[in-house]
Amino acid sequence: ARGETVVEVPAGRFQAVKVEMEVTRPGRPGSVEVAYYAAGVGLVKEEARTDAGTWKTTRGLKSFTPGKN
């Protein structure tokens with residue numbers, strides 16, 4: 001599923017676009033990776049899991065300071 005969603009990470013709450021990717025590798029279990037991108041910030045959260053559910057990782061933005069114009 002794709003679309004905009006609110007994402008909470010240690011750096012705060014962000015309106016973000018969700019992007020799902022299916023990853024396949026010969027001889028290895030497939031995985032699904034989900035990335036959340038916020039306008040003016042970039043990648044704020046990333047999740048990955050195997051299709052078999054054998055592992056899952058989550059990474060989130062710890063802090064963010066907007067640049068000066």
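Here is a question to start. Which residues does Val-44 touch, not counting residues up to four places away in sequence? Val-7, Val-9, Phe-14, Ala-16, Tyr-36, Ala-38, Arg-59, Gly-60 and Leu-61. Keep that list in mind. One caution before we go on: this is a predicted model.

Val-44 belongs to the largest nonpolar core. That core has nine residues. Besides Val-44, they are Val-7, Val-9, Phe-14, Ala-16, Val-32, Val-34, Tyr-36 and Ala-38. Where do they come from? Strands β1 (3-9), β2 and β3 each supply at least two residues. β3 gives the most, with four residues. As a general point, nonpolar side chains in soluble globular proteins tend to be buried together.

Now the strands, in order along the chain.

Take β2 and β3. β2 covers residues 12-25, and β3 covers residues 28-38. They run antiparallel, joined by nine bridges.

Next, β3 and β4. β4 is residues 42-50. This pair is antiparallel too, over eight bridges. Here Glu-33 stands opposite Ala-48 in β4.

Then β4 and β5. β5 is residues 56-60. Five bridges pair it with β4, in the antiparallel sense. Glu-47 stands opposite Thr-58 in β5. This hairpin has five residues between the strands. Gly-53 takes a positive phi there, near 75°.

Stay on β4 for a moment, and look at Thr-50. Is Thr-50 buried or exposed? Buried, because its relative accessibility is 3%, and the cut-off for buried is under 20%. What does Thr-50 contact, leaving aside neighbours within four places in sequence? Gly-30, Ser-31 and Trp-55.

On to the charges. How many salt bridges does the model have? Four. I'll take three of them. The general idea is that side chains of opposite charge can pair when their charged atoms come close.

Start with Glu-8 and Arg-13. Their closest N and O atoms are 2.9 Å apart. Both residues are exposed. Arg-13 lies in β2. Arg-13 counts as exposed because its relative accessibility is 57%, and the exposed class begins over 50%. Leaving aside its neighbours within four places in sequence, Arg-13 is in contact with Val-6, Val-7 and Glu-8. So what about Asp-51, 38 residues apart from Arg-13 along the chain? The C-alpha atoms of Arg-13 and Asp-51 are separated by 28 Å.

Next, Lys-45 and Glu-47. Their side chains meet in a salt bridge, at 3.5 Å from N to O. Lys-45 and Glu-47 are both buried. Remember Glu-47 from the strand pairing: it stands opposite Thr-58 in β5.

Then Arg-59 and Glu-46. The closest N and O atoms of this salt bridge are 2.5 Å apart. The pair links distant parts of the chain, with Arg-59 in β5 and Glu-46 in β4, 13 residues apart. Arg-59 is exposed because its relative accessible area is 57%. Glu-46 is partly exposed because its relative accessible area is 22%. And Arg-59 was on our opening list, as one of the residues that Val-44 touches.

Last stop, the surface. Which residues form a nonpolar patch there? Val-17, Tyr-37 and Leu-43. Together they have about 250 Å² of accessible area. Val-17 is in β2. Val-17 counts as partly exposed because its relative accessibility is 37%.

Four salt bridges. And a nonpolar surface patch built from Val-17, Tyr-37 and Leu-43.

Key. Residues numbered from 1 in each chain as written. Predicted model: local features only at pLDDT ≥ 70, side-chain atom pairs only at ≥ 80, totals over all residues. Heavy atoms only, no water. Pairing = 2+ DSSP bridges. Patch = residues over 30% accessible without salt bridge, like charges linked within 9 Å, V, L, I, M, F, W, Y side chains within 5 Å. Areas by Shrake-Rupley, 256 points an atom, 1.4 Å probe, with all protein chains shown as cover. Buried < 20%, exposed > 50% of the residue type's maximum accessible area, 1.4 Å probe, protein only. Core = buried A, V, L, I, M, F, W, Y, C linked by side-chain atoms within 4.5 Å. Contact = heavy atoms within 4.5 Å.
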